[in-house]
Amino acid sequence: VPPWALGIRPRTLAMVAGAVGLMVLRAVLHRPAPVVGASWMVVVAMAGSWSSILAVWELCFLVVDFCGQAVDNFGAEIMMAEELEGLVSRFNVLAAVVRRAGFMLEVPLLVMTQSCVLVLGLVATRFIYGELTEEDFAMVANVGLIVLMVFWLFSSMAVVNLKMDRLPALLTARNFGYEIDHDKQCAVIDLQACDAGLKMLNVRVDRRTILKVVYYCVAVCGVTLPRLLGDA
């Protein structure tokens, strides 16, 4: 079993347990309808939706875990290398793979985040005009779990980028037999100038960026919602 696949089972089980709990909550909150088995139809529809969401999320996580494992392997290769030759070319291959992986992750992450924003906006509008129902609370719970999944994925991407940032320092610490090694200095500068990593819309994903996004979201909600509630 590859090391990057060891975390699949507990991670997937945690999200599946959360999705099942939300399905049960949705079935409980669903009012009895004239159609027999309407609650079970809702549960089946939610099960299909969550199966698709969890499958896409797991595939995205596998891509991120693969990138993290590739960076770890290259770091180990730097520590075991006896000469500098070939390291820069292999790093360029690693950077291209990680960059391509970032492009693959853009669309599913954007779809999940924008869908969450849309649903939360609709629920907030209903909340402002006093039209909330029990089903809306179940919808917010579903969106909350998706937001948690996306945040978890972004955090893992930030860890991969942090590992990428430490590769130049790791190469600097190596001694290839020269007190002043100009070739090594050039290689380190090349690694730093490459700016390789996982990006979203050409923005590098790191912990600082995640905190900024969370701060801006909280600030906008804290400023906008009180004014809307005051005008409603």
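Does Glu77 count as buried, partly exposed or exposed, and at what relative accessibility? Glu77 counts as partly exposed, since its relative accessibility is 26%, which places this residue between the cut-offs of 20% for buried and 50% for exposed. The points below set this residue in the context of the chain.

1. Confidence. The model is a predicted one. The protein chain has a mean pLDDT of 77, and 74% of its residues reach 70 or more. Among the elements, the lowest mean pLDDT, 60, belongs to helix H1 (residues 8–29), whereas strand E2 (residues 203–204) has the highest, 87. Over residues 32–36 pLDDT stays under 50, and for this stretch the model has one contact beyond four places in sequence. Where pLDDT is low, the predicted coordinates should not be read in detail.

2. Overall organisation. The protein chain holds six helices and two strands. Read from the N terminus, the order of elements is α-α-α-α-α-β-β-α. Among contacts between residues at least 6 apart in sequence, 80% join residues at least 24 apart.

3. Burial and surface. Of the 232 residues of the protein chain, 34% count as buried. The accessible surface of the chain comes to about 14,100 Å², and carbon and sulfur atoms account for 68% of that surface.

4. The salt bridge between Arg90 and Glu77. A search of the whole structure finds five salt bridges. One of them is formed by Arg90 with Glu77, with the closest N and O atoms 2.3 Å apart. The pair links distant parts of the chain, with Arg90 in helix H3 and Glu77 in helix H2, 13 residues apart. Arg90 counts as partly exposed because its relative accessibility is 37%.

5. The salt bridge between Lys163 and Asp72. Lys163 forms a salt bridge with Asp72, and the closest N and O atoms are 3.1 Å apart. Lys163 lies in helix H4 and Asp72 in helix H2 (residues 38–80), so this pair ties together parts that are 91 residues apart in sequence. Lys163, at 29% relative accessibility, counts as partly exposed. Asp72 is also partly exposed, with a relative accessible area of 36%.

6. The network around Asp195. Asp195 forms a salt bridge with Lys199, in which the closest N and O atoms are 3.2 Å apart. Salt bridges that share partners join Asp165, Asp195, Lys199 and Arg204 into one network. Asp195 is partly exposed, its relative accessible area being 39%.

7. Asn161 as a buried polar residue. Asn161 is placed in helix H4 (residues 134–172). Its relative accessibility is 0%, so Asn161 counts as buried. The side chain of Asn161 reaches the backbone nitrogen of Leu198 at 2.6 Å. Leaving aside residues up to four places away in sequence, Asn161 touches Gly197, Leu198, Arg204 and Val205. Arg204 in this list is also a member of the salt-bridge network of point 6.

8. Leu162 and Gly197. Leu162 lies in helix H4. At 29% relative accessibility, Leu162 counts as partly exposed. The C-alpha atoms of Leu162 and Gly197 are separated by 8.7 Å, while the two residues are 35 residues apart along the chain.

9. The loop between E1 and E2. Which phi value does Leu201 have? Leu201 has a positive phi of about 55°, although this residue is not a glycine. Leu201 lies in the loop between strand E1 (199–200) and E2. With a relative accessibility of 54%, Leu201 counts as exposed. Asn202 lies in the loop between E1 and E2 as well, and its phi is near 65°, a positive value in a residue other than glycine. Asn202 is exposed, with a relative accessible area of 64%.

10. A nonpolar surface patch. Phe66, Val93 and Val97 make a nonpolar surface patch of about 260 Å². Val97 is placed in helix H3 (residues 87–128). The relative accessibility of Val97 is 36%, and Val97 therefore counts as partly exposed.

Definitions and conventions: Residues are numbered from 1 along each chain as its sequence is written. Side-chain values use heavy atoms; hydrogens and water are left out. pLDDT is the predictor's confidence in each residue, from 0 to 100. Helices (H or I, at least four residues) and strands (E, at least two) are DSSP runs, numbered from the N terminus. Contact means heavy atoms within 4.5 Å. Buried means under 20% relative accessible area, exposed over 50%, partly exposed in between (1.4 Å probe, protein chains only). A polar contact is a pair of N or O atoms within 3.5 Å; within protein, one must be able to donate a hydrogen and the other to accept it, and residues adjacent in sequence count only if both atoms are side-chain atoms. Accessible areas come from the Shrake-Rupley method with a 1.4 Å probe; for residues, only the protein chains shown count as cover. Patches are made of residues with over 30% relative accessible area and no salt bridge: like charges are joined within 9 Å, nonpolar side chains (Val, Leu, Ile, Met, Phe, Trp, Tyr) within 5 Å. A salt bridge is a side-chain nitrogen of Lys or Arg within 4 Å of a carboxyl oxygen of Asp or Glu.
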